[in-house]
Amino acid sequence: MVPELKHRRRLFWVAVLFSTYLVVLLGYAFRSQGQLRAAADARLLAENQQIAVLISDFLVEQKNFALNLAEGHEIGTFLINKALGMSLRYGLNANLDAIQESFRRKRRQKMVLGVPVYERILYFDESGALLADSASGEPPIALPPGAQGESWLLVDATQGRIFATAPVEFRGTPGGTVLTVAPTALLSRYLPKSAEGHGLRQFLITATGQALAAPENPLSEDMPWGALARLPDSTILPLSHLLQGVSGTLSKDYDLVERAPIDQSPLSLVTLASKSALYGTISSRAFLYVASVAPLLLTLAAMWFEHTRRRTQRLEAVVLESNRNRLKLQGQNDDLNREIARRQALEIELRKSEERYRDYVEHAPEGIFVADNRGHFVAANPSACGMVGYSRAELLEMEITGLSPPGLAEKHATLFSKVLQEGPQEAEIRLRKKDGVDIIANLRAIALPDATVMGFCVDITERKQAEEQIHQLAFFDPLTGLPNRRLLLDRLRQAMAVSSREGDYSALLMLDLDHFKDLNDTQGHDVGDRLITEVARRLTESSRDEDTVARLGGDEFVIVVRSLGADESAAAVHAEAIAEKVHKAVAGPYTLANGRASHQSSSSIGVTLFRGQEVAIDVLLKQADVALYQAKNAGRNVIRFFNPEMQAAIDARMKMEIALRGAIRRDELRLYYQPQVDQNGRVHGAEALLRWLPPHSEPVSPARFIPLAEDTKLILPIGEWVLEQACAQLQQWQTDARTEMLTLSINVSGRQFHQPDFVERVSAQIERAGVDPSRLKLELTESVLLDRVDEVVERMQRLKGLGVGFSLDDFGTGYSSLSYLKRLPLDEIKMDQSFVRDITSDQNDAAIVRAVLAMSRSLGLKVIAEGVETEEQRAFLMRYGCEHYQGYLFGKPAPIESSLWLNGDHGDGIRLTRPYLVSPRFHQNEPKAGSATSRVQH
């Protein structure tokens, strides 16, 4: 038993040893596999990191290349010329062509792995407009949103393009954006082509999960691209986690996935790998289990494990050595690349600097002169030669004073010495060209280290001429060359300051040509312009040198007369003498056109005195304008001085105008009605008279507000309102048997009658009210009939065709003519009250009344006598055949609701209930509604 026990114990310990050995062996095998996997993972991560670094360097190169383009000399030259005001037509197109040619040249030079890097290079201005494109003729490319003025990199997987932008700055301000476009296919060239042969699959994706697939390496559509973009950085993970529930070809061929981010870009490198390709042939766990239960295979297992261990060690050593050598080689390669890049950058910068200097000097639009310390020219660019007209060889034989106009050589030599001694100088100088023409140039000169002077010249002759022309247009009248209103105000301000300082009076004369509009309308504006020009010449000749003659516009001139003395009376006499001199100068005959008779002109002049700055400039001009207005009202061709009463009248008129506009808006106007009767006392009609009744003040006389309404054109809306009210009143009368046969007369102003659509307006009002047109009578004054007689007759005929009647108001007070009485379709004439008032006591008035009545009978016209106030007047008129009357004897003008003459019987027509006699002291003259010259009937 003992030997057996010993044998068993031996066997036990052998089993224990074998088991222990087996456990140790299995543990070592598992550890070796783990080390193998770690080494393979480290190699894969290192290789992917190296590829990511190469792609990152490539993308950084895109941004750096765009920045270098943005700092290019050609763009700088373009921006300099643009800042100098050069247009596309005169030079900027050449600069843009130079930029495009530079882009094409650099695009051809830029290669990577034997393939051109860039598809296009573009330059946009500050607003995003395309200025230069290396691929002209191709469809345009817009600047990506958000890239304006920014250094920016975009990888567009949809378009398959890499966009890089760089801002262009010029003297601290934005100058546009440079855009480079490269194909994303270039990035695939950095991926090893042999990866698939080793069981690997590599591709690039964006941060949003878009894949950058090369044409020769299409990608599966069943990959969860969004999940790939969210993988942890530089971590190898099982692919099965991403493909849960998704079946595809990639899941069958690959087991692992890893994402390596690419610095300074939105891209990542994704690698798919199979375990067998990554880790090689690794023992299966079933074999180890078999080895653990099969002692007979223990030795083989031990040999296999030893072989595996040694193989693992060798592989680990190879991987470690490979990684060590790769890292060392990569470090040396990086150092070498950095040194090469540094030297290339220095070489390129030196070459660019030389090219920029040469290109700037040769192609700069400004002239560049270089002279030695003795003042001899030693260099000049083509622009300098073109500026002065000399060739380069001729300039190199000249001194700097050879370009100086007579008398300026010493000044130019002093400026040259100042540059040498004190440094940079800038000045405007005059240069004489080879053909003897002088030009104005802006010179910026600097002293160079080799004791030479470089001058940069720009010809600003045209700019100076343009500035002078702008000044002329801004301050002088283009037709006469006299100062305009702006310069007049400045001269007047100076005159007031001088007057304040010296205590002398000055005068302001405002002159207006009489009837200038008639000349313009009859002979044309060109003749009117010749008259204005000739008047300006005469005014200048008749004024003193220290005085200012200006044209305000149209035919209005102003003269500022200075230094008239400290005594106001003497100054007024002096000013009047000057005004008389100007008045006589303007009054002479003018020959305005060949073959035509000379034109005789006259002028109205308003004068106001001033001393110092007691009144404002606008008030002073207003005073002169008021004086001129009074001169025109005095019959023109006269001189009037300003006085405060004139201004007060003007202010009152302005207040009245404002109040009248408010009265129209607030409906403060009313129509009063005055009866018209026959010799039997029957009322056959009425006249509508306008009244202004403010609610909180006294009524305003028509004599005050109707002339104002005529002048301000407010008579047009007033006349329209009167016509509307009259038609409405006729409509009411037509509904009453007592009043249906009454006629209603309204006064029509000349301004209203000459409106182009006056006939249509009357017709529309009649039709709208539905009244009988024969019951409406329009009263016209002689001033209306005398203006454009043919047009007046034509309109009267059209209205007569509608049935409207006409009455000639205030007959005998104007320029009555039997010739136009025959032509006009009148129904009646109204004898003015100025003749009726004294017919019983004045033989002349009585004779005029008899003559008018006899003439009217012969022409078949009805006569109404206005202003009948006494029975004696009525009896006289009846004796000589007058059958119709109007006046206070029969009734005052009153509102229609209080008209007493409508309260009588209507058996054979309306009769007055009682005569309404009025004392003669109530006579008052006032214009009627629509007439500025007629008198109100009493």
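This is a predicted model: local features need pLDDT of at least 70, side-chain atom pairs count only at pLDDT 80 or more; totals for chains, interfaces and linings use all residues.

Biologist: What sits between β25 and β26?

Modeller: Three residues, and the two strands form a hairpin. In the turn, Gly681 has a positive phi of about 85°.

Biologist: Is β26 mostly covered or mostly open?

Modeller: Mostly covered: ten of the eleven residues in β26 are buried.

Biologist: Let's zoom out. How many helices and strands are in the protein chain?

Modeller: You'll find 29 helices and 33 strands in the protein chain. The chain has 938 residues, and 45% of them count as buried. As for contacts in the chain with a separation of 6 or more, 62% come from residues 24 or more positions apart.

Biologist: How many aromatic pairs turn up?

Modeller: A search of the whole structure gives eight aromatic pairs. Take Phe78 and Tyr123: their pair is edge-to-face, 6.1 Å centre to centre, with 90° between the planes. Phe78 is in helix α2 (residues 73-83) and Tyr123 is in strand β3 (residues 120-124), so this pair ties together parts that are 45 residues apart in sequence.

Biologist: Are Phe78 and Tyr123 buried or exposed?

Modeller: Both Phe78 and Tyr123 are buried.

Biologist: And why is the pair of Trp692 and Phe705 called edge-to-face?

Modeller: Because the planes of the Trp692 and Phe705 rings are at 90°, and planes over 60 degrees apart count as edge-to-face. The ring centres of Trp692 and Phe705 are 5.6 Å apart. This pair links distant parts of the chain, with Trp692 in strand β26 (residues 682-692) and Phe705 in helix α20 (residues 702-712), 13 residues apart. Trp692 and Phe705 are buried too.

Biologist: Switching to sheets. What is the strand order in the one with β13?

Modeller: The order is β14-β13-β17-β16-β15, an open sheet of five strands with antiparallel pairing. At the edges are β14 (377-380) and β15 (425-432), each of which pairs on one side only. Ignoring direction, neighbouring strands of this sheet are turned by 30° against each other on average.

Biologist: How many bridges join β15 to β16?

Modeller: Eight, and β15 runs antiparallel to strand β16 (residues 438-447). For example, Glu428 stands opposite Asn442 in β16.

Biologist: Which strands does helix α12 lie across?

Modeller: Helix α12 (residues 409-422) lies across β13 (367-371), β15, β16 and β17 (453-459). Against β15, helix α12 runs at about 150°.

Biologist: What order do the strands take in the sheet with β8?

Modeller: That one goes β9-β8-β12-β11-β10, an open sheet of five strands with antiparallel pairing. Its edge strands are β9 (211-212) and β10 (236-238). Inside it, strand β8 (residues 200-206) and strand β12 (residues 267-273) pair over seven bridges, with Phe203 partnering Val270 in β12.

Biologist: Now helices. At what angle do α15 and α16 cross?

Modeller: The axes of helix α15 (residues 516-523) and helix α16 (residues 525-541) cross at roughly 140° and come within 7 Å. That makes α15 oblique to α16. The residues of this contact divide into five nonpolar, four polar and one charged. Among them, Phe516 and Leu519 are on the α15 side, and Leu531 and Ile532 are on the α16 side.

Biologist: Last one: where does Gln613 lie?

Modeller: Gln613 is in the loop between β23 (603-610) and α18 (617-633).

Biologist: Buried or exposed, that Gln613?

Modeller: Gln613 is exposed, because its relative accessible area is 51% and exposed means over 50%. Leaving out residues up to four places away in sequence, Gln613 touches Met496, Ala497 and Ser500. Gln613 and Ser499 are 114 residues apart in sequence, yet 8.0 Å apart in space, C-alpha to C-alpha.

Key
Residues are numbered from 1 along each chain as its sequence is written. Side-chain values use heavy atoms; hydrogens and water are left out. Axes are lines fitted to C-alpha atoms, for helices over the stretch in contact, and angles run from 0 to 180 degrees between N-to-C directions. Helices (H or I, at least four residues) and strands (E, at least two) are DSSP runs, numbered from the N terminus. Angles under 35 degrees count as roughly parallel, over 145 as roughly antiparallel, 65 to 115 as roughly perpendicular and the rest as oblique. Contact means heavy atoms within 4.5 Å. Ala, Val, Leu, Ile, Met, Phe, Trp, Tyr, Cys and Pro count as nonpolar, Asp, Glu, Lys and Arg as charged, and the others, Gly among them, as polar. Two strands pair if DSSP finds at least two bridges between them. Rings of Phe, Tyr and Trp (its six-membered ring) pair if their centres lie within 6.5 Å; planes under 30 degrees apart count as stacked, over 60 as edge-to-face and the rest as tilted. Buried means under 20% relative accessible area, exposed over 50%, partly exposed in between (1.4 Å probe, protein chains only).
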